[in-house]
Amino acid sequence: MVGVPSFIRAERVRFLKPQQTSASGDYVLYVMEACQRTVQNYALEYAVYQANGLSKPLVVLFPLLERQPHPNLRRFRFMLEGLAELRYALRRRNIKLVVRKGSRFSDLMREARLIVLDRAYLSHQREFRSVVVEESEAPVAEVEGGVVCPVEAVSQKAEPYARTIRPKLLKILDRFLEDLPAQQAVKSSLPLDLESWDEDGPEEYLRGLDIDRSVQPVSYFRGGEEEGLRRLSLFVRERLPIYAEKRSDPGTDATSELSPYLRFGMVSPVQVLKAVLRVSSTNDANVQSLVNELVVWRELARNAAVYNPLFGGFDGLPGWARQTLIQHVGDRREYVYDLPTLERAETHDPFWNAAQRELLATGKIHNYVRMYWCKKLIEWTETPQRAFEYAVYLNDRYGLDGLDPNSYLGISWCFGAFDRPFFESKIYGKVRRMTEESLKRKPGIQLYLSRYS
Ligand SMILES: Cc1cc2nc3c(=O)[nH]c(=O)nc-3n(C[C@H](O)[C@H](O)[C@H](O)COP(=O)(O)OP(=O)(O)OC[C@H]3O[C@@H](n4cnc5c(N)ncnc54)[C@H](O)[C@@H]3O)c2cc1C
């Protein structure tokens with residue numbers, strides 16, 4: 001093995017299966033799961049560097065994992081929309097893309113000299129990686145490229161608040177804005193005869209997958225790295241100048257709408273930050289506000305996923321929040337809705353229905369309304385545990401950005417985590433409430449309602 005290249009910080013790389021001097025194998029294998037891109041992809045560049053150092057070709061495996069929570073048409077279509085351009089971009093660098101259904105690639109692993117994984121944080125993703133490690137005879141390296149700062153380099157413990165992790169992140173941020181060269185693989189893997197599931201477009205793949213077809217694709221977002229980068233430049237040009245002032249106004253398009261692209265790793269948070277810093281400086285309030293969301297809150301979510309084993313469930317909330325919500329289980333609820341009624345956006349509340357319709361139609365909800373949408377579930381279900389389950393179910397099933405550590409951070413925040421106790425109120429106890437009045441004060445709320453009514 002040739003060590004970590006100087007253009008990648010060593011903290012991003014760790015070996016899940018140790019290097020052996022006697023190892024043999026025909027190629028280096030990169031399993032591309034969490035970082036579905038070719039630009040600013042640390043795992044990919046690490047793998048090319050290793051392949052060149054070992055004088056081996058590099059093969060990229062793209063697994064289509066039907067065994068994950070809510071595998072549905074919407075999510076898979078978005079993912080597959082980027083596949084053709086990915087194959088093309090890799091081919092230009094002498095790298096073969098192999099597509100396989102499920103985890104059936106032990107034949108590929110057998111012939112590998114080294115396996116490279118990209119790091120991910122949720123339990124189903126970690127399980128997938130454990131299987132690779134278990135079945136592999138080759139060394140396995142994991143590269144952390146879905147964050148600006150690697151989780152363990154920031155903190156060694158669960159951080160309770162944004163304010164506790166912020167200074168730790170800001171102190172080391174500059175160190176992790178590495179410029180990654182796009183290296184050419186010296187030995188081409190294109191002539192290798194490897195079984196691959198190759199189709200012309202997303203529809204052909206989708207027909208062959210065992211997934212839930214009732215959650216329809218959305219036209220609002222098209223998947224893929226190119227589209228992600230197009231949206232990033234639009235954001236920098238048109239929205240960044242009003243980001244700090246308008247990001248919480250649901251009627252103004254002031255945010256990046258990059259969350260689905262960040263979720264699938266089609267765009268890297270480092271790329272976003274670099275693009276923003278090319279036109280502005282860290283003294284700019286807009287940049288500071290974006291860093292707060294993209295780095296502080298987003299990486300707080302990764303910290304929680306690594307250090308809180310119960311993160312993502314009601315039991316993962318801090319003790320005071322669980323206690324206060326449970327103490328108020330007996331409080332009278334004016335409205336109680338079942339899941340299908342919520343799912344169909346048929347409550348009495350036009351604001352909530354609009355948020356749910358946005359989720360159904362676009363695959364995400366505007367951040368400000370998303371807080372209201374989630375908080376109201378506490379009020380409209382019999383127990384806070386059920387409210388939590390409903391929030392996770394709706395967000396993960398319909399959200400293109402769902403099934404991400406951010407999903408559980410956002411939901412947990414609505415239930416009191418990463419927040420402080422407030423004055424006692426009905427049903428919510430000491431958990432912060434959010435009222436219709438706060439929504440009505442937003443200048444663009446009528447426009448938002450008209451979009452999603
Ligand atoms: C109940 C609830 C559920 C949520 N579920 C998700 C989810 O499933 N996936 C998801 O990515 N975000 C989720 N969020 C966080 C936030 O709502 C979205 O990240 C944001 O609205 C995405 O829009 P944007 O890309 O235009 O964000 P921008 O404001 O442009 O921010 C840029 C990026 O920073 C990150 N970010 C922004 N706000 C937050 C935040 N509050 N916490 C963590 N990261 C943030 C996202 O990756 C986002 O794409 C949730 C929030 C709540 C309250």
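**Figure 1. Exposed and buried faces of helix α14 in the predicted model.** Facing away from the buried side of helix α14 are the exposed residues Q323 and Q327. The structure shown is a predicted model. The buried residues of this helix, which spans residues 319-327, are A321, T324 and L325. Viewed down the axis of α14, these buried residues fall within an arc of 100°, so they line one face of the helix. They pack against α17 (367-380) and α18 (384-398).

**Figure 2. F415 and the nonpolar cores.** The largest nonpolar core comprises 133 residues, and Y30, L58 and F415 are those with the most contacts inside it. Helix α13 (residues 285-307) supplies the largest share of this core, 10 residues. A second, separate core of 19 residues includes L29, V98, L117 and A138. With neighbours within four places in sequence set aside, F415 is in contact with F314, L317, A321, L325, C374, I378, P384, A387, F388 and V431. Two of these partners, A321 and L325, are also listed among the buried residues of α14.

Figure 3. Helix α19 (residues 405-414) has eight of its 10 residues buried, so it is largely enclosed by the rest of the structure. The buried positions are P405, S407, Y408, L409, I411, S412, W413 and C414. The elements covering them include α13, α17 and α18. Following the helix is G416, which has a positive phi near 110°.

**Figure 4. The six-stranded open sheet.** The strands are arranged in the order β1-β6-β5-β2-β3-β4, with mixed pairing. On average, and ignoring direction, neighbouring strands are turned by 25° against each other. Strands β3 and β4 run parallel and are joined by six bridges; here V60 stands opposite L97 in β4.

**Figure 5. Strands β5 and β6 with helix α5.** Strand β5 (residues 112-118) pairs with strand β6 (residues 140-143) in the parallel sense over four bridges. Within this pair, I115 stands opposite V140 in β6. Helix α5 (residues 123-135) packs on the sheet and touches β1, β2 (27-31), β3 (58-64), β5 and β6. The direction of α5 makes about 165° with that of β5.

**Figure 6. Surroundings of S189.** Residue S189 is located in the loop between α7 (162-172) and α8 (202-207). Its relative accessibility is 0%, and S189 therefore counts as buried. Not counting residues up to four places away in sequence, S189 touches P57, L58, V59, N94, I95 and K96. A polar atom of the S189 side chain lies 2.7 Å from the backbone oxygen of L58. S189 and V59 are 130 residues apart in sequence, whereas their C-alpha atoms are 6.2 Å apart in space.

Figure 7. Residue Q36 lies in the loop between β2 and α1 (42-54). With a relative accessibility of 8%, Q36 counts as buried, because the limit for a buried residue is under 20% relative accessible area. The side chain of Q36 reaches the backbone oxygen of E33 at 3.0 Å. Apart from neighbours within four places in sequence, Q36 is in contact with F62, M79, L86, F264, G265 and M266.

**Figure 8. Helix α12 and its covering elements.** Helix α12 (residues 269-279) is mostly covered, with eight of its 11 residues buried. These are P269, V270, Q271, V272, L273, K274, A275 and V276. Among the elements that cover them are α1, α9 (225-239), α11 (259-263) and α13. At the start of α12, a side-chain oxygen of S268 comes to within 2.9 Å of the backbone nitrogen of V270.

Note on methods
Residues are numbered from 1 along each chain as its sequence is written. This is a predicted model: local features need pLDDT of at least 70, side-chain atom pairs count only at pLDDT 80 or more; totals for chains, interfaces and linings use all residues. Side-chain values use heavy atoms; hydrogens and water are left out. A nonpolar core is a set of buried Ala, Val, Leu, Ile, Met, Phe, Trp, Tyr and Cys residues joined through side-chain atoms within 4.5 Å. Buried means under 20% relative accessible area, exposed over 50%, partly exposed in between (1.4 Å probe, protein chains only). Helices (H or I, at least four residues) and strands (E, at least two) are DSSP runs, numbered from the N terminus. Contact means heavy atoms within 4.5 Å. Two strands pair if DSSP finds at least two bridges between them. Axes are lines fitted to C-alpha atoms, for helices over the stretch in contact, and angles run from 0 to 180 degrees between N-to-C directions. The arc is that of the directions from the helix axis to the C-beta atoms. A polar contact is a pair of N or O atoms within 3.5 Å; within protein, one must be able to donate a hydrogen and the other to accept it, and residues adjacent in sequence count only if both atoms are side-chain atoms.
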